[in-house]
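Subject: Handing over the two-chain model

Hi,

Here is the structure I said I would pass on to you. Have a look at it first, and then read on for what I found in it.

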Amino acid sequence: MSVGAPRALASSGQKPITEILHPLSAAEEPLSVTVGGDKEVGLTNGTPVETSSPASTSSLFNRLQLDDDLEADVRDPYADSTEMRDLFVTVDNPKKHISTMETYITYRVSTKTSRVEFDLPEYCVRRRYQDFDWLRIKLEDSQPTHLIPPLPEKFVMKGVVDRFSEEFVETRMKALDKFLKRVADHPVLSFNPHLNAFLTAKDLNKRQGLALLSKVGESVKHVAGGYKLRARPAEFCAMGEYLDTFNQKLGTIDRIAQRILKEQSEYLTELREYGGVYSSWVGSEEELRRPLEGVAGCVTTSCGALEDLGDNMSLDFLPVLREYVLYLESIKNVLRKRDQSQAEYEGRLEAAILRKQEDRTPMPLEVEKCQDKVECFNADLKADWERWQSNKRHDFKQLLTGMADRNINSYEKSQAAWESLITLLQDKQTEDKTSETN
Amino acid sequence: MQETYTVYLIETRPAETVPGGGVPAAPDTLWRRYSEFELLRTFLLVTYPYIIIPPLPEKRAEFQWHKLAADNLDPDFVERRRVGLENFLLRVASHPVLSNDKIYFLFLTEEKGWREAVLETGFQDKVDSRLKSLSAMFRVKNPDKRFTAMKQYSDELNTVISQLLRVRARVADRLYGVYKVHGNYGRVFSEWSAIEKEMGDGLQSAGHHMDTYAAQIDDILEEEEHYADQLKEYLFYTDAVRSVCKKHELIQYELEMAAQELISKKQQREELATGTVRVFSLKGITSKLFGTESQEQRESRLAALEQSIQEGEETLKEKNTECKEFVQMAWEDIERFKEQKDKDLREALISYAIMQISTCKKGIQVWSNAKDCFNKM
């Protein structure tokens, strides 16, 4: 895809993007300037907001880092080569905040856009999980006919998982990044005013919320209960069945992956002891010292490779699977809402028909509105479903090739170690032979 | 009552070509069962106590990881045992001393009359003596340091190889689990592919590769059994080394005893001759208590003692020679063994490394194939 610089806003004149002042960025950033990659996972305490001038090194550096993120987006699988993307979001740079009341993590949410809905071309805010949760709820409420991407799990068992460990934070951050990218990628959701607020507001005023709910949203929210759906249209039945079966399969894959991790971990324990025995044997030998040490070394290398494999699978593979299970849940909810809205329409229609037969009143407006609602809902859902299927295919392709790559990598490391041992031993052999003949 | 047992076919070809361009002799073939091999080995142990006799493969399967059969009639076990028995015969055939043994030759050539021939050698008398040497607890005053060191080394080697085999069996067990669980991916991918449109084919084929991966472990572990067998051979070898060292200890001990006895007898003679009692003897005490003996009695006792001393000196000389010869031959064989062990184990470790490389390559192959399928999803 072409990473065109976002079109300069008319109001800001012809200045290139990097020179446009970005007051919010400088004010917002509780930065400790770091050297190195944009995705640094250092957990330092958040420092109080620096009132550095917009043109200071820190904000300039920040913008440069954003450009790096832009580079990363080039490889982003969600980038559609035919689409002209005009909204880019990234979640990174986790920081721990310790206050008297609580300890929590915030993430930097960076936005680059040329859309008119945004006042500025760039934004940089810090958000915590609660804020993402707020956004998702708002999106669900205001766009009930659309599929909202899932968030990573909200609750973690305090004794079991360390909420502040590097791995947990990294995993969660990646999931939040994916969530936001999926929303930003969506032709309808990305224009949602709550998303706008989330990306731009200095302080996310979650209590009031914005009074910009769409009419459709409002009316769907107030669907009266008590309507029973007679028949779900075939294509939505198929959707429902697919979701159920897919859910099942994902569950199975999750269990298999966990089982493999367990078996590998037990294998690793034994393998370490095995290597240790070779090491202890070295002491009794002279001629065999080198080969034995070599074997012990190769076993150790294999152990390391295996450990990395296990860690990677825990951090990258399992969370994505679980995310999809959550996704399926939320899609099923949308299906149900669709059913409800259809049920309401049919119910009202029936009632209206009966009344019409009695006293010849025209079709009430509400019934027509209901019909509209249902048709919109169906259309939105179908469109989203297609998108979702396509993204799902891509995600799983990536997930599974990643798994294959990691396994290949693990074997390659091991193979290299054993091969160099053979070279070493065979060299020694020829060395000995020549010294014997001399 | 019926007994089931396995017999092995032994085929021997002479190494030398037939002189004069005549027809080469047909190879000798005969059948032997495991217990006959045991008999041969016992004979060799007893007849050549200064030689480290090659071991036989285990009678019953030990150090097995659970999937491998521990059943003596299982074809894989029988095959591995066959290899072990062949190895035993080859070791004996290539040994500078053992290869010339007549009983060994008859073992290879004389099917029927062999058992009698062995029994006729009267080797069984020596079996008891050997057992005595192995189990006896005696202290040698001046142990030969080389033999002590060798015995210690062989004990260490025994311990470490036992440990290695035990842990290896557990490792094999675990690795089996890892591979086999991947087979479950095969099934679930296949089921999943049924509900997919574009992803279906890729998933399905990838599933097949997962099945292939799961199946790889069977061959991998079977190959590794050969490595385990090589280690086992040397584990059992340590027993043979130990028994040579023990035999040496016994001979050394007997030599020391003989020397001791001679000294004691000479002292007695001295006392008798000079009349002084330095060494306690019942005769001495009784003569003190009940009066001295007559000159005649004394002289006859002296003569008997002289005789005894003569015999003692002969014995000592024999023991000395026996010990020297034993030490020389045993140490020569120990040196030979050490070289053989270093070479064999080094090769075993190299071939183990090669096996690991092959395992890695197979794994990479399958995962690469699966990856291609995923890419086509």
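Asn93(A) is a residue of strand S1 of chain A, the strand that covers residues 87-98. Please keep in mind throughout that this is a predicted model. Although Asn93(A) is not a glycine, its phi is positive, at about 55°. Is Asn93(A) buried or exposed? Its relative accessibility is 3%, under the 20% cut-off, so Asn93(A) counts as buried.

Now for the chain around that residue. Chain A has nine helices and three strands. Read from the N terminus, the order of its elements is α-α-β-β-β-α-α-α-α-α-α-α. The chain has 438 residues, of which 47% count as buried. If you take the contacts in chain A with a separation of 6 or more, 76% of them are made by residues 24 or more positions apart.

One helix pair in chain A is worth a visit. Helix H3 (residues 129-142) of chain A and helix H5 (residues 193-200) of chain A have axes that come within 9 Å and cross at roughly 165°. An angle over 145° counts as roughly antiparallel, so that is how H3(A) runs relative to H5(A). The crossing of these two helices, H3(A) and H5(A), is right-handed. Which residues meet there, between H3(A) and H5(A)? From H3(A) come Asp131(A), Phe132(A), Trp134(A), Leu135(A), Lys138(A) and Ser142(A), and from H5(A) come His194(A), Leu195(A) and Phe198(A). By type, the residues of this contact of H3(A) with H5(A) are five nonpolar, two polar and two charged.

On to chain B. Here you will find nine helices and two strands. From the N terminus on, the elements of chain B follow the order β-β-α-α-α-α-α-α-α-α-α. Of the 377 residues in chain B, 45% are buried. For contacts in chain B with a separation of 6 or more, residues 24 or more positions apart account for 80%.

Helix H2 (residues 75-93) of chain B packs with helix H7 (residues 200-274) of chain B at an angle of about 45°, and their axes are 11 Å apart. Because of that angle, H2(B) and H7(B) are oblique to each other. The crossing in which H2(B) passes H7(B) is right-handed. On the H2(B) side, the residues in the contact are Arg80(B), Asn87(B) and Arg91(B). They meet Glu225(B), Asp229(B), Lys232(B), Glu233(B), Tyr234(B) and Tyr237(B) in H7(B). The residues of the contact of H2(B) with H7(B) sort into two nonpolar, one polar and six charged.

What does Glu233(B) touch, leaving aside its neighbours within four places in sequence? Its contacts are Pro55(B), Asn87(B) and Arg91(B).

You will find it in the loop between helix H1 (34-47) and H2 of chain B. Apart from its neighbours within four places in sequence, Phe63(B) is in contact with Ser162(B), Leu165(B), Arg166(B), Ala169(B), Lys232(B) and Leu235(B). Among these, Lys232(B) also belongs to the residues of H7(B) that meet H2(B).

The unreviewed UniProt entry annotates residues 295-322 of chain B as "coiled-coil region". In the model this span is 100% helix and 0% strand, and its end C-alpha atoms lie 40 Å apart. Lys317(B) is found in helix H9 of chain B, which covers residues 295-375. Is Lys317(B) buried or exposed? At 58% relative accessibility, over the 50% cut-off, Lys317(B) counts as exposed. The C-alpha atoms of Lys317(B) and Gly186(B) are separated by 78 Å, and the two residues are 131 apart along the chain.

Enjoy exploring it!

Best wishes

Conventions
Residues numbered from 1 in each chain as written. Chains lettered and ligands numbered in written order. Predicted model: local features only at pLDDT ≥ 70, side-chain atom pairs only at ≥ 80, totals over all residues. Heavy atoms only, no water. Axes fitted to C-alpha atoms, helices over the stretch in contact; angles between N-to-C directions. Helix = DSSP H or I, 4+ residues; strand = E, 2+ residues; numbered from the N terminus. Parallel < 35°, antiparallel > 145°, perpendicular 65-115°, else oblique. Left-handed = near helix turned anticlockwise from the far one by under 90°. Contact = heavy atoms within 4.5 Å. Nonpolar A, V, L, I, M, F, W, Y, C, P; charged D, E, K, R; others polar. UniProt positions renumbered as here; feature names shortened; annotations may be inferred. Buried < 20%, exposed > 50% of the residue type's maximum accessible area, 1.4 Å probe, protein only.
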